[in-house]
Structure formats: C-alpha cells, structure tokens
Amino acid sequence: MSTINLVLHVWRQKNAAAEGQFVRYEAVNVSTHSSFLEMLDQVNEELIEKGQDPIAFDHDCREGICGACGMVINGHAHGPQKATTTCQLHMRQFKTGDELWIEPWRARAFPVVRDLVVDRGAFDRIIQAGGYISARAGSPPDANALPIAKGAADRAMDAAACIGCGACVAACPNASAMLFTAAKAGHLNLLPQGQPEKDSRVLKMVAQMETEGFGHCTNHYECMEACPKGINVEFIAQLNRDFVKATVTARGQGERRGGDG
Ligand code: SF4
Ligand code: FES
C-alpha cells in the first residue's frame with residue numbers, strides 16, 4: 001500500500017456569523033487507495049485524539065448519489081477530477097508534498113453552517129416552488145403504458161441525473177443556480193406527466209431562484225465544467241425559452257381576464 005503526506009489548509013468557521021480562517025494541518029501516511037473523505041476522516045480522528053474539534057464536512061452516500069459532499073479543493077468545486085464528486089475523488093490523484101486548500105461552497109444563498117458545511121436549503125425551496133407534479137399519479141403504471149419518445153426520455157434522464165450538490169453555484173462567478181433549476185424543471189417538463197404544469201412550474205421555480213439571492217447566468221459555462229453529473233447548459237437555454245413562453249402566455253391570460261372584466 002503506498003501512502004502520501006499532504007499539507008492541508010482547511011477553512012474553519014464556527015457558524016455563519018463567525019469569522020472564518022484557513023487552518024494548516026498535516027495529513028500523514030494517507031493511503032492512495034482512500035477517498036478524499038476518508039482522508040478527512042483520518043485527519044479528524046487525529047484531531048479528536050488531541051482533544052481538538054474535528055473538521056465539519058457534509059456527506060451521506062459516499063458514492064456520488066446524494067450530492068451532500070461538496071467542497072472546493074484547490075479552487076475546483078469537488079476537486080480537480082472532472083465529473084467526480086468529492087466522495088468519489090481518490091487520493092491517488094495527489095502526491096506527497098501537495099498542498100491542498102479546502103473551502104466550503106462560496107455563495108450568499110448557501111450560508112456556512114460550520115467549516116465546510118453549507119446550508120443548501122435554497123435548493124429545496126426551489127424544488128418546493130414547482131419541482132413536482134401535483135396530479136395524483138396513483139400506483140406505478142405498467143412499463144410502456146405511457147409512450148414517451150426515446151429522445152425525450154433520454155433527455156429527461158440526463159436532466160434527472162442532477163444530484164443537487166451545488167457545485168454549479170460554487171463554480172459560477174455570479175453564484176447562479178440556473179443549471180440546477182434548469183435540470184430540475186427540464187426533467188419534469190420533458191415528460192408527458194409534467195406538461196400540464198409546465199408554465200407555472202417554470203415561472204415559480206425561476207421566481208424562487210431569484211428570491212433566494214442566486215445571481216444571474218451570464219454564460220460562463222463554469223457550471224457545466226464543474227458539474228459531477230455532466231448536466232449540459234443546453235438545459236439553461238431550454239429554461240430560458242420556456243420562461244419567455246410562459247411569461248407571454250401568462251400576460252396574454254391576464255389581458256384577456258382584464259378585457260372580460
Ligand atoms: S446541475 Fe450538476 S453541479 Fe448543479 S446541482 Fe445538479 S449535479 Fe450538482
Ligand atoms: S456523499 Fe453523497 S454524493 Fe458524495
């Protein structure tokens with residue numbers, strides 16, 4: 001088993017109101033087979049043995065599914081390996097002597113809870129605003145009972161791959177949540193079950209995104225570069241088109257109602 005020694009500079013912050021700072025740690029005898037989170041576990045065990053506070057970081061599945069483990073490593077959301085969550089990043093990516101700067105997501109809409117943990121509740125509220133189908137769907141239908149064109153099914157699956165990690169926001173110079181919102185709205189909008197509420201879904205989710213304080217998309221495409229699930233910015237273009245259409249339709253309906261009155 002080969003091992004490496006690293007110098008870590010980890011962002012430590014007691015809560016959102018407290019001042020944070022980088023603290024230097026040495027991670028010694030780290031197995032190159034371990035994951036990035038296992039390396040942090042090892043550092044934490046040593047801190048606990050010394051009676052010090054362990055580094056707080058978020059995690060759950062540790063297999064690239066839940067989206068909890070986001071952190072910025074040497075300026076890259078989820079670290080230097082493309083299409084990889086932090087929990088799936090392995091220490092063989094690094095070599096002895098490397099210095100790693102580890103920070104939480106930086107965005108006004110994601111306040112720091114502690115150290116590397118941020119509150120991504122803003123994403124939940126965007127979903128609550130419209131990322132669902134309200135019709136009673138009953139028990140699961142038989143496979144193929146509802147025909148869906150192959151192209152639409154494939155694109156919906158691509159969008160559904162979003163794990164809500166927030167790397168897109170962390171990587172964007174504007175801290176925009178457009179890639180996340182576009183993936184979540186796009187997934188439902190593409191399917192027949194999602195069509196009846198498409199316009200209201202788009203308007204409500206975009207409005208909530210703005211209420212939460214995320215920035216606007218100005219086409220840097222850093223989100224797509226950082227996304228561990230390869231969500232394409234084409235979904236943002238689609239959301240923009242759907243938003244314009246929904247706005248025009250809502251205005252037309254408003255004018256008609258005004259005329260009726
Ligand atoms: S779009 Fe990608 S980066 Fe953004 S939340 Fe979804 S999976 Fe994470
Ligand atoms: S811990 Fe679930 S995606 Fe990393």
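**Entry 1: a glycine in H5**

Leaving aside neighbours within four places in sequence, which residues is Gly186 in contact with? I began there, on what is a predicted model, where local features need pLDDT of at least 70, side-chain atom pairs count only at pLDDT 80 or more, and totals for chains, interfaces and linings use all residues. For bookkeeping I note that residues are numbered from 1 along each chain as its sequence is written, that chains are lettered from A and ligands numbered from 1 in the order in which they are written, and that side-chain values use heavy atoms, with hydrogens and water left out.

With those close neighbours set aside, I found Gly186 in contact with Ala159 and Thr181, where contact means heavy atoms within 4.5 Å. Gly186 sits in helix H5; helices (H or I, at least four residues) and strands (E, at least two) are DSSP runs numbered from the N terminus. Gly186 counts as buried because its relative accessible area is 10%, the classes being buried under 20% relative accessible area, exposed over 50% and partly exposed in between, with a 1.4 Å probe and protein chains only. I also looked up the C-alpha distance from Gly186 to Glu210, which lies 24 residues away along the chain, and it is 18 Å.

**Entry 2: the helix around it**

Helix H5 covers residues 178-189, and its 12 residues reach 15 Å from first C-alpha to last, close to the 16 Å expected at 1.5 Å a residue; the expected span is 1.5 Å times one less than the number of residues. I then asked how many of the residues of H5 are buried. The count is 11 of 12, so the helix is largely enclosed by the rest of the structure. Among the buried residues are Met178, Phe180, Lys184 and Asn189.

Lys198 is placed in helix H6, residues 198-211, and it counts as buried because its relative accessibility is 17%.

Leu146 belongs to the loop between helix H2 (121-130) and helix H3 (150-160), and its 38% relative accessibility is why I list it as partly exposed. Not counting residues up to four places away in sequence, Leu146 touches Pro192 and Gln193. The C-alpha atoms of Leu146 and Pro192 are 8.4 Å apart, although 46 residues separate the two in sequence.

**Entry 3: Thr84**

Is Thr84 buried or exposed? Its relative accessibility is 8%, so it counts as buried, and its place is in the loop between strand E4 (76-77) and strand E5 (99-103). I looked up its polar contacts, meaning pairs of N or O atoms within 3.5 Å, for which, within protein, one atom must be able to donate a hydrogen and the other to accept it, and residues adjacent in sequence count only if both atoms are side-chain atoms. One such contact, of 3.3 Å, joins the side chains of Thr84 and Gln81, while a polar atom of the Thr84 side chain lies 2.8 Å from the backbone oxygen of Lys82. Not counting residues up to four places away in sequence, Thr84 touches His78, Leu89 and Pro228.

Arg62 lies in the loop between helix H1 (36-49) and strand E3 (72-73), and Asn74 in the loop between E3 and E4. Arg62 counts as partly exposed because its relative accessibility is 26%, and Asn74 is also partly exposed, with a relative accessible area of 36%.

**Entry 4: the chain as a whole**

I closed with the totals. The protein chain has eight helices and seven strands, and its C-alpha atoms fill a box of roughly 75 × 45 × 35 Å, taken along the principal axes. Of its 261 residues, 43% are buried. Among contacts with a separation of 6 or more, 69% are between residues 24 or more positions apart. The chain exposes about 13700 Å², of which carbon and sulfur atoms supply 50%; accessible areas come from the Shrake-Rupley method with a 1.4 Å probe, and for residues only the protein chains shown count as cover.
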